[in-house]
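Biologist: I would like to learn how to read a structure of this kind feature by feature, with the general idea given before the particular case. Could we go through it together?

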Amino acid sequence: MNHEDRPRPSGDPFEARPADFDDPFEILEACHARIARMLRTLERLPAHVAAHGVDAEAREAIARVRRYFELAGPDHHADEDIDLFPAARAAALAAGEAGVVAELDALGREHRAMETTWAALRAHLDALCSGGGEAVDAGLVDRFAALCRGHIEREEGVVYADAKTRLPRAMRDALARAMVARRRG
């Protein structure tokens with residue numbers, strides 16, 4: 001079944017679905033779905049910790065979120081920074097799409113901001129698990145979640161949408177191969 005024939009889940013557009021590893025945008029959008037799940041877990045954490053403390057369930061949730069953002073997150077940013085964004089930039093420049101180029105620049109800067117915000121959140125969560133606090137910094141969680149969600153919306157709505165129409169099949173195939181190789185390496 002090709003990706004056009006695959007049924008889409010109803011409701012949440014970030015709901016997980018299997019990625020077509022021949023399509024770089026399917027790979028990237030599947031990552032976005034997993035990021036959205038991790039953000040929902042993070043957002044439930046302050047209430048859980050307020051009610052139950054940093055119990056086994058909280059520690060497991062923190063471990064899952066941390067594992068995702070420490071292992072898969074950097075691969076996702078590399079997929080974009082190393083593979084997709086340069087190809088999308090070249091295509092947008094060739095088409096005279098200055099707005100897309102500006103968005104690519106902003107999104108690249110946001111990757112660094114997301115990494116910095118994640119580092120602060122990771123340190124906070126690590127401290128909680130080590131007994132260095134009794135409450136989750138909900139403001140920090142909210143900042144990270146809002147940054148990620150806004151970023152994803154602009155990536156998919158501007159950059160991916162433009163690149164899907166401009167990048168030739170051979171380039172898309174090469175991007176998908178690079179993304180799959182990154183995960184195997």
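Biologist: Let us start with charged side chains: which residue does Asp79 meet in a salt bridge?

Modeller: The general idea is that side chains of opposite charge can pair when their charged atoms come close. In this predicted model, the side chain of Asp79 meets that of Arg182 in a salt bridge, with 2.5 Å from N to O. The pair links distant parts of the chain, since Asp79 belongs to helix H2 and Arg182 to helix H5, 103 residues apart.

Biologist: Is Asp79 buried or exposed?

Modeller: Asp79 counts as buried, because its relative accessibility is 0%, and the cut-off for buried is under 20%.

Biologist: Turning to the fold as a whole, how many helices and strands does the chain have?

Modeller: The secondary structure comes to five helices and zero strands, and along the sequence the pattern reads α-α-α-α-α. Of the 185 residues of the chain, 43% count as buried. When contacts with a separation of 6 or more are considered, residues 24 or more positions apart account for 70% of them.

Biologist: How is the packing of two helices described, and at what angle do the axes of H1 and H5 cross?

Modeller: Two packed helices are described by the angle between their axes and the distance between the axes. Here the axes of helix H1 (residues 24-52) and helix H5 (residues 169-184) come within 8 Å and cross at roughly 45 degrees. H1 and H5 are therefore oblique to each other.

Biologist: Which residues make that contact?

Modeller: On the H1 side they are Pro24, Phe25, Ile27, Leu28 and Cys31, which meet Arg172, Leu175, Ala176, Met179, Val180 and Arg183 in H5. By class, this contact of H1 with H5 has nine nonpolar residues, no polar ones and two charged ones.

Biologist: What does Leu84 touch, apart from residues up to four places away in sequence?

Modeller: Leu84, which lies in helix H2 (residues 56-94), touches Phe25, Leu28, Asp79, Tyr160, Ala163, Leu167 and Leu175 when those sequence neighbours are left out. Leu84 is buried, with a relative accessible area of 0%.

Biologist: Where is His48 found, and what does His48 touch beyond residues up to four places away in sequence?

Modeller: His48 is found in helix H1 and counts as buried, at 17% relative accessibility. With those sequence neighbours not counted, His48 touches Gly53, Asp55, Glu57 and Ala58. Of these, Glu57 has its place in helix H2 and is exposed, with a relative accessible area of 55%. Glu57 and Leu45 are 12 residues apart in sequence, and the distance between them in space is 9.7 Å, C-alpha to C-alpha.

Biologist: Finally, how should I read the cysteines, and how many disulfides does the count give?

Modeller: A disulfide is a covalent bond between the sulfur atoms of two cysteines. For this chain the count comes to zero disulfides. Cys31 is buried, with a relative accessible area of 2%, and Cys148 counts as buried at 1%.

Conventions: Residues are numbered from 1 along each chain as its sequence is written. This is a predicted model: local features need pLDDT of at least 70, side-chain atom pairs count only at pLDDT 80 or more; totals for chains, interfaces and linings use all residues. Side-chain values use heavy atoms; hydrogens and water are left out. A disulfide is a pair of cysteine sulfur atoms within 2.5 Å. Buried means under 20% relative accessible area, exposed over 50%, partly exposed in between (1.4 Å probe, protein chains only). Axes are lines fitted to C-alpha atoms, for helices over the stretch in contact, and angles run from 0 to 180 degrees between N-to-C directions. Helices (H or I, at least four residues) and strands (E, at least two) are DSSP runs, numbered from the N terminus. Angles under 35 degrees count as roughly parallel, over 145 as roughly antiparallel, 65 to 115 as roughly perpendicular and the rest as oblique. Contact means heavy atoms within 4.5 Å. Ala, Val, Leu, Ile, Met, Phe, Trp, Tyr, Cys and Pro count as nonpolar, Asp, Glu, Lys and Arg as charged, and the others, Gly among them, as polar. A salt bridge is a side-chain nitrogen of Lys or Arg within 4 Å of a carboxyl oxygen of Asp or Glu.
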